[in-house]
Amino acid sequence: MPVHPENSAPIYLGLMSGTSLDGVDGVLVRFPETADANNTAAMQIIASAYLPFDDALRQQAMALQQPGENEIHHEALLANALARCYAACVHALQAKSPASPICAIGVHGQTIRHRPELGYTRQTNNPALLAELTGVDVIADFRSRDVAAGGQGAPLVPAFHRAVFGKPGSCRVVANIGGICNISILAEDGHTLGFDTGPGNVLMDAWIQKHHGKSYDQDGAWAAQGHVIPALLQQLMSEAYLQLAAPKSTGRDLFHMAWLQDKLQNFAQAQAVDVQASLCEFTAQTLANDIVRHAAQASHVYVCGGGAFNHYLMQRLQSLLAAQRCPAHVCSTADLGVAPEQVEALAFAWLARQFSLRLPGNLADVTGAAGARILGALYPA
């Protein structure tokens, strides 16, 4: 990011812990004073921090992904633990830049249920405790208003992607490959389409955890050693969600280990490494298909999230696009001035700023909501 001199422009802090359940990313960012000057050249990331979740917190969050006993109690305990983890990340950022007064913290929370078709989404968090621990205004619960307006409540990042990464006269795609993969198609004419394409890293992470005790497949090295099982890939690609029209969103409510085990019923003799290769191909294929379907002439696909560090996945995505004669160059959002691991946290800092300015944070064409809405709820310090 370009370095700007110190000034009085507002500073926000964004926190994001995603579907991968690895930890919390935080950024401290100075935005321009004018609301319409939203681009990477006009913003300054002052500091960033990453705080990994310990095993106990991760297991708490994983347990709440599925129905269980005494859920309300366990969710409340997780919310408190998350707030303390978030506060530690805030304090780490404040220590890096003690002279930077923060207008507000934008925090997503941890999604434990996402059922917009039933009219609800749940991101567990204790923003009141976070405000108490940090002494800073907290803006949270960004998805609920969109769902209340008939939307999916997700993905929310396309509005941010359009604001900071859009280029007039150019078709770009931003692919956020976290546990789940979502894309923002930034069309030449200013129109934006966005939705969840399907699994990102969630199935690959679960499979390597099961077989090697690792939380993720570094660089996609294990997947690269295997061979795709065509019949298994076909079975994975048969998932009905993939055929739904946008607006649509998904999560661990659908894509989890039990879903995968069901798909593997006829592949009991398959080598684990070949399953991993097939899962990587599944993520790449679903993403490539949607890019070609909606943005066949895109010049670039900018990847953020943990998937940007999976070199094998990036290679497979590029190859699949080329095979379908899509000219897009696959690269990281670092090429646009924002490190791939910072994009989502930056988006929630931006959403907090939108709330503070009483400006909409959603795109109704993306989520299916009845219209533009101001997103979030304020917990004053």
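I began with helix H2 in this predicted model, and I noted that H2 lies across S1, S2, S3 and S4, running at about 140° to S3. I then turned to helix H12 (residues 343-356), which packs on the sheet and touches S1, S2, S3, S4, S7 and S13, with its direction making about 130° with that of S1.

Next I looked up the sheet itself, and I found an open sheet of 6 strands with mixed pairing, in the order S3-S2-S1-S4-S7-S13. Strand S3 (44-52) and S13 stand at the edges, and each has a single partner strand, so one side of each is left without a neighbour in the sheet. On average, neighbouring strands of this sheet are turned by 20° against each other, direction ignored.

I followed one of the pairings: strand S2 (residues 23-30) and S3 run antiparallel and are joined by 8 bridges, and I noted that Leu-28 has Ala-47 in S3 as its bridge partner.

Which residues of helix H3 (residues 127-134) are buried? I listed Pro-127, Leu-129, Leu-130, Ala-131 and Thr-134, and I saw that the buried residues of H3 pack against strands S1, S4, S7 and S13 as well as helix H2 (71-96). After H3 comes Gly-135, with a positive phi near 70°.

Last, I checked the largest nonpolar core, which has 53 residues, and there Val-301, Val-303, Leu-317 and Leu-321 touch the most other members. Helix H10 (residues 272-295) gives the largest share of this core, 12 residues. Apart from this core lies another, of 34 residues, including Ala-159, Val-164, Leu-346 and Phe-348.

Terms used
Residues are numbered from 1 along each chain as its sequence is written. This is a predicted model: local features need pLDDT of at least 70, side-chain atom pairs count only at pLDDT 80 or more; totals for chains, interfaces and linings use all residues. Side-chain values use heavy atoms; hydrogens and water are left out. A nonpolar core is a set of buried Ala, Val, Leu, Ile, Met, Phe, Trp, Tyr and Cys residues joined through side-chain atoms within 4.5 Å. Buried means under 20% relative accessible area, exposed over 50%, partly exposed in between (1.4 Å probe, protein chains only). Helices (H or I, at least four residues) and strands (E, at least two) are DSSP runs, numbered from the N terminus. Contact means heavy atoms within 4.5 Å. Two strands pair if DSSP finds at least two bridges between them. Axes are lines fitted to C-alpha atoms, for helices over the stretch in contact, and angles run from 0 to 180 degrees between N-to-C directions.
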